[in-house]
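Let's take a walk through this structure together, one neighbourhood at a time.

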Amino acid sequence: RIVYCAGQFVPEEKAHVGLFDRGFLFGDGVYEVTAVIGGRLIDNDLHLARFKRSLAELAIPLPASLEAIEEVQQTLIARNGLVEGTVYLQATRGEADRDFLYPEGLVPTFVAFTQARQLVATKAQKEGIAVALAPDPRWARRDIKTVMLLGQVLAKREAKASGFADVWLTQEGQITEGASSTAYIVTSDGKILTRGNSPVILPGCTRQALLKLCERHGLMIEERSFSPAEAEAAAEAFQTSASSLVTPVVRIGETVIGNGKPGLLTRALQSYYLEAAGVIEAT
Ligand code: PLP
């Protein structure tokens, strides 16, 4: 695999980041993941805009123009012959002797790589998944897509050990979001609920694209938080992310959602999303 590191396209064995990189020592950096389907970047403008915003929130300079970053992404897709998978971007504050405070003028470390994987018509998308519920262990600025992901790593590991595919996180009696996805439920009267954007969750790019599609298709949306009890009583549930697209949730904890199969509205949303991405034809 060819990766991008230190301003060059190199084989992955040749790519190295320094010991004193603040991404490594402090988690002082941000990342993005964009889906690639049929060799094309999906919703990439939204991901690049969020990358820019995350960096600005941390006062890390943008390592290159968004056009130049997209060129890196496109070059990696071409050179690796990526048809389906993801492109990962990461920028850290850069290298400096270890201290919480950092000197002025650091040059951000910018890396990017591709990962080939199935994104469309996965088993999880076709059959739905079971998610655990667990207290949200993360810091207070989840709207910034930082590489500090230990909360998610531990929550996902515990969920997996208990036999769940993923985990939805809770705080103050409400679901915040999935460990690496946006959470949604569909009420018995057909309304789609998802939490409004705030520092409590990451503003999902797939969420933004999907809510626009919901409006276009005349579906009812309410942006508000919901409790685990509401989720367990929901007609349907699903989650979205760049790497999982629209994935039905058919069990939350020990509670089966609906009839235990992906819901009708969820399946329609899967199609709308793939149509908008140009993957399938509109029916
Ligand atoms: N929330 C969290 C915590 C995430 O890590 C992710 C994606 O990784 C999402 C939501 C979904 O965001 P997106 O749709 O932009 O991939």
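A word on burial comes first: a residue is buried if 20 or more other C-beta atoms lie within 10 Å of its own, exposed if 12 or fewer, and partly exposed in between, with the C-beta atoms placed from the backbone. Ala59 counts as exposed, because 8 C-beta neighbours lie inside 10 Å. You are looking at a predicted model, in which local features need pLDDT of at least 70 and side-chain atom pairs count only at pLDDT 80 or more, while totals for chains, interfaces and linings use all residues. Residues are numbered from 1 along each chain as its sequence is written.

Let's stay with Ala59 for a moment. Ala59 sits in the loop between helix H2 (44-57) and helix H3 (66-80); helices (H or I, at least four residues) and strands (E, at least two) are DSSP runs, numbered from the N terminus. Most residues other than glycine have a negative phi. Ala59, although not a glycine, has a positive phi of about 55°. Ala6 is also a residue other than glycine with a positive phi, near 50°. You will find Ala6 in the loop between strand S1 (2-5) and strand S2 (8-11). Ala6 is partly exposed, because 13 other C-beta atoms lie within 10 Å.

Now turn to the ligand. Which residues are closest to the ligand? Its shell holds 13 residues, and the closest are Leu202, Gly204, Cys205, Thr206 and Ala242; a residue belongs here if its C-beta atom, placed from the backbone, lies within 6 Å of the molecule. The elements giving two or more residues to this shell are H6 and S13. H6 provides the largest share, 3 residues. By class, the shell has 4 nonpolar, 7 polar and 2 charged residues. In this classification Ala, Val, Leu, Ile, Met, Phe, Trp, Tyr, Cys and Pro count as nonpolar, Asp, Glu, Lys and Arg as charged, and the others, Gly among them, as polar.

Cys205 is found in helix H6. Is Cys205 buried or exposed? Cys205 is buried, because 26 other C-beta atoms lie within 10 Å. Leaving aside residues up to four places away in sequence, Cys205 touches Asp43, Leu46, His47, Arg50 and Ala242; two residues are in contact if their C-beta atoms, placed from the backbone, lie within 7 Å. Cys205 and His217 are 12 residues apart in sequence, and their C-alpha atoms are 19 Å apart in space.

Ala242 also leads us to Val33, which touches Thr86, Tyr88, Ala242 and Ser243, again not counting residues up to four places away in sequence. Val33 is found in strand S3 (residues 29-37). With 17 C-beta neighbours inside 10 Å, Val33 counts as partly exposed.

Next, follow H6 to its packing partner. Helix H6 (residues 205-216) and helix H8 (residues 264-276) pack at an angle of about 105°, with their axes 10 Å apart. Axes here are lines fitted to C-alpha atoms, for helices over the stretch in contact, and angles run from 0 to 180 degrees between N-to-C directions. H6 is therefore roughly perpendicular to H8, a term for angles of 65 to 115 degrees, where under 35 counts as roughly parallel, over 145 as roughly antiparallel and the rest as oblique. From H6, Ala209, Leu210 and Leu213 meet Leu269, Tyr272, Tyr273 and Ala276 in H8. This contact has 7 nonpolar, no polar and no charged residues.

H8 itself has 13 residues and reaches 18 Å from its first C-alpha to its last, close to the 18 Å expected at 1.5 Å a residue; the expected span is 1.5 Å times one less than the number of residues. The buried residues of H8 are Leu265, Thr266, Leu269, Gln270, Tyr272, Tyr273 and Leu274. What covers these buried residues includes helix H4 (123-127), strand S10 (182-186), H6, strand S13 (236-241) and strand S14 (245-252). After H8 comes Gly278, whose phi is positive, near 75°.

Our last stop is Ala96, in the loop between strand S5 (85-92) and strand S6 (109-116). Ala96 and Asp21 are 75 residues apart in sequence and 6.7 Å apart in space, C-alpha to C-alpha. Not counting residues up to four places away in sequence, Ala96 touches Phe20, Arg22, Tyr102, Pro103 and Leu106.
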